[in-house]
Amino acid sequence: MIINPKILVVDDEPRFCHSMKTLLSSQDYEVKTCFNGSDALQFLTEETFDLVLLDIFMEDMDGFQVIENKIDRKIDTPVIIMTGRSSADTAVKALRMGAIEYLKKPFETREMFSSVKNILNQRALEKERKAAESQSVQRRKLESLGRMAGSIAHHFNNQLSAVMGNLEIALEDLPVDAGYRRNLFQAMMAAHKATSVSRQMLQYLGHTSGRFMPTDLSESCRKTLALFQTAIPRGMKLSVDFPDFGPVIHADPIQIQQVLTHLITNAWESISDTRGDIALSITVVSHEDIPSRCIPIDWQPRDIAHACLEVSDTGCGIPAKDIDKLFDPFFTTKFMGRGLGLSVAMGIVKAHSGCITVDSEPGSGSVFRIYLPVTGGVDFAETF
Ligand SMILES: Nc1ncnc2c1ncn2[C@@H]1O[C@H](COP(=O)(O)OP(=O)(O)OP(=O)(O)O)[C@@H](O)[C@H]1O
Ligand SMILES: [Mg+2]
């Protein structure tokens, strides 16, 4: 359904336009009027209308010319033709030119309302159909891009294994003081880095198999934290609020640790000076409490409790224009960034049937939340 549809009434008789506006506005339509063809075209070019009620015989430019010009300008607003001086030929000509319906003046209000309503309903259905079609084209495109990226990453991985294997043999056989040992070593490092990009691409695409098992989320996260606690700068505070046990999720603990590592690293990097807070928490929430604006966009929670791992920081925050791009592979705003941390995190979370949400504003820090289904399809009420 179109909310408050917008209708343009075009007739060289101002009183007729006025009464049409009063009638249509009473049905919650937003109505604009104009008294000649050139004004009508200007309105249609500058604004989007859902329907035009168009008089045929007007002085400067008749209704036929308006329709013709409208088509030339690729404006697809449907038209209902209205005229008093009607003949069957006029009606047929208008319909042939693209008008959707024909009203003969004087018409009954009921008849006019019913035509307007029918056409608006058809337009709403058409809009929905087009939106669904464009979504499905978009999905197919993404799937095929994903397949292509996956096969390139696999191919690269195989070739890089051969490169690294041969470099290793060469390095082993080379005298310790050989001049070009350093060059081979650097080639080896570069190959390692390239492998890590291919591996992360495969993770983003969900092409890696995990070792899934019942996993205590708090325990897994505590293990990751041990690495950070010693490295974090003095002025930066890392606070943690995890339950002693659980929640238990069906997960690959290594991959979950990877997700947390990417989130904490980003939080850390977002704090430009060495002063700032990073707070981590784990809670259990009902599926109804998971925001609908999440990644993947078509994710639907199962009707069970979900673990929520939250990482918030008091860092630089994220501009609105970047929020939709955060999880795209290779999107980065950092000089040395690769733009893979969040896309890998998203691939892992997706493989765990979960989702990610982001709340952030420039200057106000960021909050990333990971939602993962609690093991065993436990009903929310049973977890407390
Ligand atoms: N906590 C955060 N605060 C501010 N910006 C963030 C935060 N997390 C992510 N971003 C933004 O999202 C972008 C993508 O993050 P992502 O982790 O995918 O890549 P990266 O950190 O740039 O590079 P890397 O591959 O090394 O992780 C970042 O460059 C940054 O602009
Ligand atoms: Mg990162």
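Angles under 35 degrees are counted here as roughly parallel, those over 145 as roughly antiparallel, those from 65 to 115 as roughly perpendicular, and the rest as oblique. The structure is a predicted model, in which local features need pLDDT of at least 70 and side-chain atom pairs count only at pLDDT 80 or more, whereas totals for chains, interfaces and linings use all residues. Residues are numbered from 1 along each chain as its sequence is written, and chains are lettered from A and ligands numbered from 1 in the order in which they are written.

The domain assignment, which is automatic or taken from a database, gives domain 1 (6-107), domain 2 (138-204) and domain 3 (213-383). The C-alpha centres of domain 1 and domain 3 lie 55 Å apart.

Helices (DSSP runs of H or I, at least four residues) and strands (runs of E, at least two) are numbered from the N terminus. An open sheet is formed by 5 strands in the order β2-β1-β3-β4-β5, with parallel pairing, where two strands are said to pair if DSSP finds at least two bridges between them. Its edge strands, each pairing on one side only, are β2 (30-34) and β5 (101-104), and the twist from one strand to the next averages 20°. Strand β1 (residues 6-10) is joined to strand β3 (residues 51-55) in the parallel sense by 4 bridges, and Ile7 stands opposite Leu51 in β3. Helix α1 (residues 14-25) lies across β1, β2 and β3 and runs at about 175° to β2; axes are lines fitted to C-alpha atoms, for helices over the stretch in contact, and angles run from 0 to 180 degrees between N-to-C directions.

The axes of helix α2 (residues 37-46) and helix α3 (residues 63-72) come within 10 Å and cross at roughly 25°, and α2 and α3 are therefore roughly parallel to each other. In this pair, Gly37, Ala40, Leu41 and Leu44 of α2 meet Gln65, Val66, Asn69 and Lys70 of α3, contact being assigned when C-beta atoms, placed from the backbone, lie within 7 Å.

A further open sheet of 5 strands has the order β7-β9-β10-β12-β11 and mixed pairing. Here the edge strands, each pairing on one side only, are β7 (236-241) and β11 (355-360), and the twist averages 15° from one strand to the next. Strand β7 runs parallel to strand β9 (residues 276-285), to which 6 bridges join it, and Leu238 stands opposite Ile278 in β9. Helix α7 (residues 217-231) lies across β7, β9 and β10 (306-313), running at about 170° to β9.

Conventions:
Two residues are in contact if their C-beta atoms, placed from the backbone, lie within 7 Å.
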